[in-house]
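Student: I would like to learn how to read a structure such as this one. Could we take a few features in turn, with the general idea before the case?

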Amino acid sequence: MKRILITAKHSYIGNAFASSTADKYTIEYISCRTEEWRKADFSKYDVIFHVAGIAHVDAKSDLESLYYKVNRDLTIELAKKSKAEGVKQFIFMSSMIVFGESSATNKSIVVKKNTKPNPNGFYGNSKLQAEQGITPLQDDNFKVVIVRPPMIYGKGTKGNFPKLAKLAKMIPIFPNIDNKRSMLYIENLCEFIRLMIDNEEHGIFHPQNKEYVNTADMVCKIGDVYGNKIVVTKLFNLVIKLMGKKVNAINKVFGTFLYEQVMSKYKEDYCINSFEESIKLTIEK
């Protein structure tokens with residue numbers, strides 16, 4: 001049974017993965033909030049699953065230097081320590097945001113195989129620089145896996161999804177904006193990480209659900225689970241379009257941000273839940 005070390009004790013992704021694979025691996029945690037991790041013996045682990053970092057949803061401009069210290073420098077130092085102490089695989093949770101994000105100046109992003117990363121903020125840049133720092137460590141004895149997921153959602157998640165879910169519980173109408181977004185259900189991500197470990201993979205990966213998500217359709221599906229029938233309308237589209245030219249948050253909800261599906265295909269199916277099933281699993285008690 002492989003031994004996995006997760007680099008955060010309170011990570012949403014880390015805890016979800018540990019819960020879903022408790023019978024498959026021996027899993028332990030370490031905190032990276034202090035320097036104690038430097039004293040830890042990594043040689044007893046087969047895999048380091050690096051999920052520690054400062055989250056995008058909490059981004060504040062006055063903390064820019066801290067983002068680079070945690071998201072970039074810590075990642076590189078952990079990877080170097082892992083390799084030096086004989087760990088076989090290092091899995092780094094990066095982000096789709098290395099390709100930018102929907103904003104007032106760029107409300108539509110379609111990422112293709114030949115699209116080069118182009119972050120438009122220090123969060124995405126800190127992740128990209130971390131990737132660039134650990135990639136050269138890859139060799140036959142040390143596998144480096146970089147995972148760039150789109151928006152992750154599931155029971156207990158943070159970010160835009162729970163905000164939309166709260167709205168869907170009570171609102172009677174919602175704007176009918178034609179957009180598409182790549183998303184990834186947490187249990188699908190956990191299955192993907194399991195495959196990375198079992199298959200001893202290396203490289204850069206872009207997992208996502210099989211279905212693109214339209215925001216209005218998603219809100220309606222959430223409403224259905226709550227027993228709230230929502231009517232979609234285009235009456236507000238012009239107002240939203242005008243607001244989107246000045247307010248980044250509008251385009252984060254209604255903009256198009258997706259991976260071409262071919263980028264996310266893997267030799268084994270990791271999407272163990274459809275989008276509709278995942279909504280029910282996330283919302284229902």
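Student: Is Cys220 buried or exposed?

Tutor: Bear in mind that this is a predicted model. A residue counts as buried when its relative accessible area is under 20%. Cys220 has 16% relative accessibility, so Cys220 is buried. Cys271 is buried as well, because its relative accessible area is 12%.

Student: How many disulfides are there?

Tutor: A disulfide is a covalent bond between the sulfur atoms of two cysteines. To count as one here, the two sulfur atoms must lie within 2.5 Å. The count in this model is zero. For Cys271, the nearest cysteine sulfur belongs to Cys190 and is 13 Å away.

Student: Which residues touch the most other members of the largest nonpolar core?

Tutor: In soluble globular proteins, nonpolar side chains tend to be buried together. The largest nonpolar core here has 82 residues, and Phe17, Phe49 and Ile193 touch the most other members. Helix H5, residues 186-198, gives the most to this core, with eight residues. Beyond its neighbours within four places in sequence, Ile193 is in contact with Phe17, Phe49, Ile91, Met93 and Val147. There is also a second, separate core of nine residues, with Met96, Val111, Tyr259 and Met263 among them.

Student: Where do the buried residues of helix H9 lie, seen down its axis?

Tutor: An α-helix has 3.6 residues a turn, so residues three or four places apart point the same way. In H9, residues 275-283, the buried residues are Phe275, Ser278, Ile279, Thr282 and Ile283. They fall within an arc of 120° seen down the axis of H9, so they line one face of the helix.

Student: Is Glu131 buried or exposed?

Tutor: Use the same cut-off: under 20% is buried. Glu131 is at 2% relative accessibility, so Glu131 counts as buried. Glu131 is found in helix H3, residues 122-134. Not counting residues up to four places away in sequence, Glu131 touches Phe92, Ser94, Val98, Ile146 and Arg148.

Student: And which residues is Gly14 in contact with, leaving aside its neighbours within four places in sequence?

Tutor: Gly14 is in contact with Ile6, Tyr29 and Val51. Gly14 sits in helix H1, residues 12-20. Gly14 is buried because its relative accessibility is 0%.

Note on methods
Residues numbered from 1 in each chain as written. Predicted model: local features only at pLDDT ≥ 70, side-chain atom pairs only at ≥ 80, totals over all residues. Heavy atoms only, no water. Helix = DSSP H or I, 4+ residues; strand = E, 2+ residues; numbered from the N terminus. Buried < 20%, exposed > 50% of the residue type's maximum accessible area, 1.4 Å probe, protein only. Contact = heavy atoms within 4.5 Å. Core = buried A, V, L, I, M, F, W, Y, C linked by side-chain atoms within 4.5 Å. Arc of directions from axis to C-beta.
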